[in-house]
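Thanks for coming. I have one model to go through today, so let me put it on the screen.

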Amino acid sequence: MRLNNSEKIRAYNKLKQAVKNDEFIPYFQPIIDLTSGAITGVEALARWNDPERGIVGPYAFIELAEDTGLIDAIGLSIFKKSLRWYQCNQHQLPSTFCIHVNISIRQLMSSNFVEEIKQLMNDVGYSHRNLCFEFTESIYMESKQVIDNLVGLRELGISFAIDDFGTGYSSFSYLRDLDFSSLKIDKSFVSDDNVEILKAMIKVGRSLGCEVIAEGVETAEQCALLRKLKCPMVQGYLFSKPLPEEEFTEFMLHNNEQSMLSLC
Ligand code: C2E
Ligand code: CA
Ligand code: CA
């Protein structure tokens, strides 16, 4: 979105006010194990619950939030609300259930980041250890602050997923050095036209000991292809769109015991 300077200032002021009013909420999308059909985790995706416009998706505000530093507060709010949701519902979730949260590189470059995450986990009383931070590849990954933060987060028991794998600044040395536990294949690769690339990505993930999650699975055919290629996990509209908290809790209650593979 191209904005002139005064529009940018207006948009910034509005976003800043929204942060103050605590208008950001997570929507939840399930992650499915393709062997068992079980829901093994969830990805929290930010939404702006704007009183004037209703629910606004992240493409309308994440970039501005990153450029202005407001992403720090928005990211923490999404993280906190996701942990709270888990705390309220853990009795009906499998013990290995994993919560995935998106983290922007800007947050990873902040010297307070690990301390803030630790503090929030303490505030919420969160002791469960299955947390995964998702981030995309970036040249800034090599900065000392980012590496120190990653070490600190690891010490808190947090694991990492490389998001949108194959689209960005791809360097195999990251995969080797940064100890990712999951690799998320970008939705643009999930099709018949990309079988050889898909195979290679799944193989890279497996040989590095990563979970591989294919994103953007919309059709039974895509799911069947991924099962054939032995992709371990999937996520996508075929199973569920990202849902608001109450709807996702309902969704979990209905699908916890049954295999999602009947959809494939
Ligand atoms: P992402 O992390 O790659 O998230 C996946 C996006 O794909 C989500 O878009 C999700 O709604 C969408 N999606 C899921 N299944 C399907 C499908 O089957 N088909 C299609 N076409 N799309 C599907 P969303 O929610 O609009 O989020 C867009 C991006 O915004 C995310 O991409 C992520 O990069 C960023 N984002 C979202 N929440 C946060 C957050 O809390 N913090 C940060 N830093 N970034 C966030
Ligand atoms: Ca993600
Ligand atoms: Ca992604």
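I start with the core. The largest nonpolar core has 77 residues, and Ile117, Phe133, Leu153 and Phe180 are the ones that touch the most other members. By nonpolar core I mean a set of buried Ala, Val, Leu, Ile, Met, Phe, Trp, Tyr and Cys residues joined through side-chain atoms within 4.5 Å. Buried here is under 20% relative accessible area, exposed is over 50%, and partly exposed is in between, with a 1.4 Å probe and protein chains only. Helix H3 contributes the most to this core, eight residues. Helices (H or I, at least four residues) and strands (E, at least two) are DSSP runs, numbered from the N terminus.

Before going on, the conventions. This is a predicted model, where local features need pLDDT of at least 70 and side-chain atom pairs count only at pLDDT 80 or more, while totals for chains, interfaces and linings use all residues. Residues are numbered from 1 along each chain as its sequence is written, chains are lettered from A and ligands numbered from 1 in the order in which they are written, and side-chain values use heavy atoms, with hydrogens and water left out.

Which residues does Ile117 touch, leaving out those up to four places away in sequence? They are Leu76, Phe79, Phe133, Leu153, Leu156 and Ile158. Contact means heavy atoms within 4.5 Å.

Ile78 is also in helix H3, and at 6% relative accessibility it is buried. Beyond four places in sequence, Ile78 contacts Phe24, Ile25, Pro26, Ala44 and Ala46.

Now the chain as a whole. There are ten helices and ten strands. The radius of gyration is 18 Å, close to the 18 Å that the globule rule gives for 264 residues, so the chain is as compact as a globular protein of that length. That radius is taken over C-alpha atoms, and the rule is 2.2 Å times the number of residues to the power 0.38. The C-alpha trace spans about 50 × 40 × 40 Å along its principal axes. Of the 264 residues, 49% are buried. Among contacts between residues at least 6 apart in sequence, 68% join residues at least 24 apart.

Lys20 lies in helix H1 and is exposed, at 69% relative accessible area.

Next, the largest pocket. Its volume is about 1200 Å³. It has 38 lining residues, and Leu45, Pro58, Tyr59, Asn102 and Asp163 lie nearest its centre. Strand E2 gives the largest share of the lining, five residues. A pocket is an open set of points on a 1 Å grid over the protein atoms alone, where a 1.4 Å probe fits, with protein on both sides within 12 Å along at least five of seven lines; lining residues have an atom within 4 Å of a point.

Last, two backbone angles. Most residues other than glycine have a negative phi. Asp22, in the loop between helix H1 and strand E1, has a phi near 60°. Asp164, in strand E6, has a positive phi of about 50°. Asp22 is partly exposed at 45%, and Asp164 is partly exposed at 24%.

Conventions
Points joined across faces, edges and corners; volume = space filled by probe spheres on them.
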